[in-house]
Amino acid sequence: MNSLQGKKILLAMSGGIAAFKVAELARSLIQEGAEVQVAMSEAATHFMTPVTMQALTGKPVYVSQWDARIPNNMAHIELSRQADVILIAPASADLMAKISLGLADDLISTICLAKECPLIVVPAMNKQMWDNPATQRNVAQLDKDGVTVLGPTSGSQACGENGMGRMLEAHQILEGVISFFQEKVLKGKKVLITAGPTYEAIDPVRGITNKSSGKMGFALAQAALEAGAEVHLIAGPCHLNTPLEFTGKIQRTNVTSAKEMHSAVMSDLTADVFFSVAAVADWHVKNASAQKIKKEVAGSNTPTLEFELNPDILASVAESAAKNKKPYCVGFAAETNDLERHAQEKRIKKNIPMLVANIGPDTFGLDENELLVIEESSSQRFEKADKLHLSRQLIRLISKKI
Ligand code: C5P
């Protein structure tokens, strides 16, 4: 998927050892379809050579604001006008200070002052430099000025210390840039999502669960965040990282059982949209044991489990939505036959405006899916694609409904 097809990115590098990650970043931006033009500060050339960056991007690299290769010798104007976004990685403490003050005494700072396009900075520095109140003031100013700041993160640093200031990895920066370009169709909206399986205990070490991986719900959380929404993801037991974790923007609540998921959802009903993606267990074990059921004690008697119905989370939210006019509820269903009829029946039974059915008997754990989106008087097919791509399509559709 070429998520950055046709996007023109001015990749500006300032001095820092994290510059080595930018070689990988330039390649991955290009692989996603972007056109990458590199500019480097003089300091950056001590860490990576312009030759390396030119070889990777296929374009000459600019270092000096007096570069005579630019016909009118105004590199700062020419380069900034050609870009859809300026991406500074690594962004040193010094460069961020200059930009926040509006100084313009070298190529990159002059480009930033002359720019018409948005700016993304990816800080990289020693932890003391990051923690310094001056840097924190500058970052806060950049944020106030509408600059997108990606990272930094915490971890081991080239200087041998450990702490905040480490630059994000190339793949995270790439994700951040792709997210940046998504339309902000849910800006100002709140989205609540359940994802993954639930786990119903039999005893403290055994339980009943299902094959849900959580991938679809997590992809929806990412797509909603990219679209500008405030996102609360309530996840059953699954081993997925929170999407765009480095932004720290998705609120995640981990739950185990359907009852826990129900109470987590019901205590946050202020959302504008509710995606009920979780594969919630229909029953829990009524006679679950507080101690491990010992084979020796049970002897030849196999234990008998008694089941009791779990609360239907989606139906409870839909009931509240009927009174409060929100959230807009979207249910999910896995059907094996007569898909459209069963899905429409389920939508009506749950009293929700939209139900999304997985096409195909078993999409659990896969990265791709194919969907049938059922509404009261229409249905549409979303062709096979990866779950993030489908989620972005769904988010665009939902944004027109609310
Ligand atoms: O009732 P059924 O499981 O077929 O419907 C699936 C939809 O209902 C999904 O959106 C699922 O998240 C939701 N559901 C729920 N609580 C339950 C059972 C299902 O929210 N106890």
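Colleague: Leaving aside neighbours within four places in sequence, which residues is Asp-67 in contact with?

Modeller: This is a predicted model, so every value here is computed from it. With those neighbours left out, Asp-67 is in contact with Tyr-62 and Asn-73. Asp-67 sits in the loop between helix 2 (50–57) and helix 3 (75–81).

Colleague: Is Asp-67 buried or exposed?

Modeller: Buried means under 20% relative accessible area. Asp-67 has 13%, so it counts as buried. Its side chain also has a polar partner: the side chain of Arg-69, at 2.5 Å.

Colleague: Which loop holds Ser-212?

Modeller: The one between strand 10 (206–208) and helix 9 (215–226). Ser-212 has a relative accessibility of 13%, so this residue too is classed as buried. The Ser-212 side chain reaches the backbone nitrogen of Gly-214 at 3.5 Å. Beyond four places in sequence, Ser-212 is in contact with Gly-196, Pro-197, Ala-279 and Phe-364.

Colleague: And Glu-24, buried or exposed?

Modeller: The cut-off for exposed is over 50%. Glu-24 has a relative accessible area of 51%, so it is exposed. Glu-24 belongs to helix 1 (residues 20–31). Now compare sequence with space. Glu-24 and His-171 are 147 residues apart in sequence, and their C-alpha atoms are 8.5 Å apart.

Colleague: How do I read backbone geometry?

Modeller: Start with the general rule. Most residues other than glycine have a negative phi, and most peptide bonds are trans. Then look for departures.

Colleague: Which peptide bond has omega near -5°?

Modeller: The one from Ala-89 to Pro-90, which is cis. Pro-90 is part of strand 3 (residues 85–91). A cis bond also joins Gly-151 and Pro-152, with omega about 5°. Pro-152 lies in the loop between strand 5 (148–149) and strand 6 (153–156).

Colleague: What is the phi of Leu-244?

Modeller: About 45°, a positive value, although Leu-244 is not a glycine. Leu-244 is in the loop between strand 11 (230–235) and strand 12 (251–254). Leu-244 has a relative accessible area of 5%, so it is buried. Asp-338 has a positive phi near 45° and is likewise not a glycine. Asp-338 is placed in the loop between strand 16 (328–334) and helix 13 (339–350). At a relative accessible area of 40%, Asp-338 is partly exposed.

Colleague: Now the ligand. Which residues surround it?

Modeller: Read the surroundings, then the polar pairs. The surrounding residues include Ser-276, Asp-282, Pro-311, Gly-331, Phe-332, Lys-346 and Lys-350. A ligand nitrogen is 2.9 Å from a polar backbone atom of Pro-311. A ligand oxygen is 2.9 Å from a polar backbone atom of Phe-332. From Lys-350, a polar side-chain atom lies 2.8 Å from an oxygen of the ligand.

Colleague: How much of the ligand's accessible area does the protein cover?

Modeller: On its own, the ligand has 450 Å² of accessible area, and the protein covers 85% of it.

Colleague: Last, the whole chain. How many helices and strands does it have?

Modeller: The protein chain has 14 helices and 19 strands. Its C-alpha trace spans about 85 × 55 × 40 Å along the principal axes. Of its 402 residues, 50% are buried. Among contacts between residues at least 6 apart in sequence, 66% join residues at least 24 apart.

Colleague: And the charges and surface?

Modeller: There are 42 positive and 44 negative side chains, and the centres of the two sets lie 2 Å apart. The chain exposes about 19200 Å², with 51% of it supplied by carbon and sulfur atoms.

Notes. Residues numbered from 1 in each chain as written. Predicted model: local features only at pLDDT ≥ 70, side-chain atom pairs only at ≥ 80, totals over all residues. Heavy atoms only, no water. Helix = DSSP H or I, 4+ residues; strand = E, 2+ residues; numbered from the N terminus. Buried < 20%, exposed > 50% of the residue type's maximum accessible area, 1.4 Å probe, protein only. Contact = heavy atoms within 4.5 Å. Areas by Shrake-Rupley, 256 points an atom, 1.4 Å probe, with all protein chains shown as cover. Lys, Arg positive; Asp, Glu negative; His and termini not counted. Charge placed at Lys NZ, Arg CZ, Asp CG, Glu CD. Near = heavy atom within 4 Å. Polar contact = N/O pair within 3.5 Å; in protein donor to acceptor, adjacent residues only side chain to side chain.
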